[in-house]
Amino acid sequence: MTKANEGRHRHRATAVLFVAAWRSWFNQIARALGARWKAALLLAALLALVIVAVVWSAASVLDSIGGVQLLHEAPAVVVGAVSCLAALGTILAALYTPDRNTLTAHLSPLPIEPAALRRAARTQELLVGLVLAVTLTAPILSQAALSGPPEAAVRGVALLLGLIAVAENLTLVATRLVGLALAAGRIEPSVARALAALAVLAAFAWMFLASLPINFNEPHGPAVWSAAGLVWALDGPQGWVLVGALGAVSGGLWLALGRVDDIEPGRGRDRRVSARRAGAGMVSLERRQWLRFGPNLVMLIFLNGVAVLALAGTGASGNDPLGTAYLILPMLSAVGVGAFGPTRRVLWLYRMTGRPLAWVVPKMLAVCSVWAVVVVGYGAALALLGQWTWHDLAWMLPISLAELLVAMAVGVLLPVTADQSISGSISEAAALVSVIVLAAGFQSALAGVDSLWWALALQVAAIGLAALGYGLVSVRAALR
């Protein structure tokens, strides 16, 4: 077999594995909902939600910046922002993807090249990360699509998508390499994954912040160096050369992804549970089960690390001009998406005891207890730093609680499991888009309310509806 045929065979194997994982995930959702058409309808609703988020984000940001042409007037900021947001979306998708899953375990004895298995799994992460990246960068993409003649608009969008693809692939390669280096020491693999993701995101965030002409900063760094190439590519048809170059770099990084080993999961410590802890209440049991699922712990460590870095940056600069606090809050609320999946296969135990709904409220309280400590601590730190008042914190907590309950409901509909690599990343992406849309809609609703009592009523209604939604989908899952 020639090298060309071997390459085509490897890529064909990757494509087959990619499709198999998606079909397995779709069939799992169809079984949970009871019919394939219900699963298709749910996916269509999620797609509509993504479109709403993209349109709203683009319209609101473009309205706020007026007639500023970002690509031509601030190219370095565009490169930094697009790269950073693409890295963020990819990391959020990748951290909820277990390196070892049931589908991979079943396929590993077969004569399939391990690199093909890894590329198939990471292509799924790239695809979900692309959805998040497009949602987050919608204002920049929409401005490129709506400016100039058709050829220039298509070229501008292609350049930005090429930049997103390079940033995504580079993020996955760098995160895996840094994680392997950390795990080679005495660091727990789950902690190594979280710290690696945090380090890579910090590097992209530095590149973005270095490009901003704020706080007496003279723009510098890789984004500034790359801005000249973006301007050159936007000026004429020669820009398609850069589009091709970005595609080639992205393809090379994608091939390299298959050669980077996965981080071996830790064996865990042999913990002896005391009789008192063994007899602890349902809330404590649900909390332990939630946190002992690897991706949940990794995501919680990562998000807390992001919050600490944001607090450190805010404390050092004395302000938060980019509104990082408001971006981190929805991400912290999205952690509830992974509460249901790890325990869904043992729900039959509750049905056998005649109490099928016994887990619904304790699971909600378990997640809320961890979330409250994190969010209240983060909000209190912002208040002490002078960025928020205690009134602001009290005003933000109700909507954040509603976002958490929505994320938990999404997690029941789209369970996070270790059956295949795609389920966790899709659930996380769906939860993030849902809480972003909820936060945007709620803020828009409050903007038109003058009465304090009406505002409080809206907050109570939001929490009530979110709790009702979680309760309904949980009861349905418990009784199936």
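Axes here are lines fitted to C-alpha atoms, for helices over the stretch in contact, and angles run from 0 to 180 degrees between N-to-C directions. What I am showing is a predicted model, in which local features need pLDDT of at least 70, side-chain atom pairs count only at pLDDT 80 or more, and totals for chains, interfaces and linings use all residues. Residues are numbered from 1 along each chain as its sequence is written, and side-chain values use heavy atoms, with hydrogens and water left out.

The chain has 20 helices and zero strands, these being DSSP runs numbered from the N terminus (helices H or I, at least four residues; strands E, at least two). Of its 480 residues, 48% count as buried, meaning under 20% relative accessible area with a 1.4 Å probe, protein chains only.

Let me turn to helix α8, residues 150-183, which packs against helix α11, residues 239-257, at an angle of about 20°, with the axes 9 Å apart. The two are therefore roughly parallel to each other, a label for angles under 35 degrees.

Note on methods: Buried < 20%, exposed > 50% of the residue type's maximum accessible area, 1.4 Å probe, protein only. Parallel < 35°, antiparallel > 145°, perpendicular 65-115°, else oblique.
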